[in-house]
Amino acid sequence: MSVTREYDLIIFGATGFTGQYVVEEVARIAEEENITWAVAGRNIEKIEVGLENVEKQTGKSLKDVGVIKADVGDLNSLNEMAKKGRIVLNCVGPYRFHGEAVVNACVKNGTNHLDISGEPQFLEKMQLDYHTAAKENNCYVVGACGFDSIPSDMGTVFLEQQFAGQVNTVEAYLNIKAEHGFHLNYGTWQSAIYGFACANELKPLRKKLFPQRLPVMEPKLKSRGVLHQNPIVKSWCLPFPGSDRSVVMRSQRYFYEKEKKRPIQMAVYFQCSSIIAAILTILSAVVFGLLASFKVGRSLLEKYPKVLSFGVFDHKGPTKKEIDGTSFVLTLVGKGWNEKLTEPTDAYSNKPEKELVVRVSGPELGYVTTPICMIQAALVLLREADKLPSEGGVYPPGAAFAKTSLINRLIKNGINFETGLRSSL
């Protein structure tokens, strides 16, 4: 991390749908944060047009921003890109298809790498295959640095910091508020298709990555089933199939192994506006699962995203009006005890006796919150090396940033972390 590089940050995939918003966010804060930066991609002309658009959007002059030609199909170009930056912000997804070559180039050249992947197979494979090399080259590879999964992972860190005792379980409830409709880009849809289709890869991957299972914690967190009504968030709720739980549990494993901290148990749910909306969501998930499980079905899902996602996904992505009218609240409910025991595996003789509710909230999740999370994580990586894990490697965000100022930075940039109700059980 001490190697002198031409740029502090390089945004790879700057012309992609999410990449454009990451460029906008860097343009807004670059002068104030005194950072040098560049944008990278395979089409220089398209990059330059994109920079002109960002200049108009932000009113910032971008004449000194570097432009780098790099393509995931050209390994030499990725190596040359990696050599020029202290951190590569990788916005090129789906990461299952395009991510590893960029990680490889960064690790090989001792360059830090952040991504906004919500794909557990990719994230965990990178940890399995590159952790040792990243450690040897003293660089940090931190995945899931967008809405997937900084609010949930850092939200769990925040809850544990505020709990004043021992947390046993965390149940998280995601509520998306969309005044003018909710819309996501095709790339996210494609990631979801292949994440579901290849879910069977996870079990053997995890056996290699984590040969030793985490200890069983008592009392166990009970499943609430396919559909339940929750009194705290006052909604019908469904299990959320995203990457949040797997990312949080990787951080928990790190804390257990490195700091001898008792790991929490976690479940994540998605709030529905009504019982009818919940039933329709279940039906659409069944259709999606059936189609994603065979080749012809996946082809149909990729060909007709708008029809088969009931209007949520398409190639155009959301309009500015939709983005401006969308926000999220992630409610985390922690239960545990007032006192910590000596050893992380020590058993409590009594049931959990206290509860704390924490809320993480912010603007539109995919194209406003995600760039804010990614850029603030990058700034922490640049500025607070002494508060990161002592050795380089591949980490989830909670493990990487628990001791840094990331939560305070996020709060200053419009993503709130607040404690709510404290109660005895």
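In which loop is Ser149 placed? Ser149 sits in the loop between S6 and helix H7 (150-163). The model is predicted: local features need pLDDT of at least 70, side-chain atom pairs count only at pLDDT 80 or more, and totals for chains, interfaces and linings use all residues. Residues are numbered from 1 along each chain as its sequence is written, and side-chain values use heavy atoms, leaving out hydrogens and water. Helices (H or I, at least four residues) and strands (E, at least two) are DSSP runs, numbered from the N terminus.

**Sheet**
- An open sheet of 7 strands runs in the order S3-S2-S1-S4-S5-S6-S15, with parallel pairing; two strands pair if DSSP finds at least two bridges between them.
- Strand S3 (66-69) and strand S15 (393-395) are at the edges with a single partner strand each, so one side of each has no neighbour in the sheet.
- Strand S1 (residues 7-12) pairs with strand S4 (residues 85-90) over 5 bridges in the parallel sense, and Ile11 is opposite Leu89 in S4.

**Cis peptide bonds**
- Most peptide bonds are trans.
- The bond joining Gly93 and Pro94 is cis, with omega about -5°; Pro94 is in the loop between S4 and helix H4 (95-98).
- The bond from Asp148 to Ser149 is also cis, with omega near 5°.

**Positive phi**
- Asn34, in the loop between helix H1 (17-33) and strand S2 (37-41), has phi near 55°.
- Asn34 is exposed, at 67% relative accessible area (buried is under 20%, exposed over 50%, partly exposed in between; 1.4 Å probe, protein chains only).
- Lys260 has a positive phi of about 55° and is exposed, at 58%.
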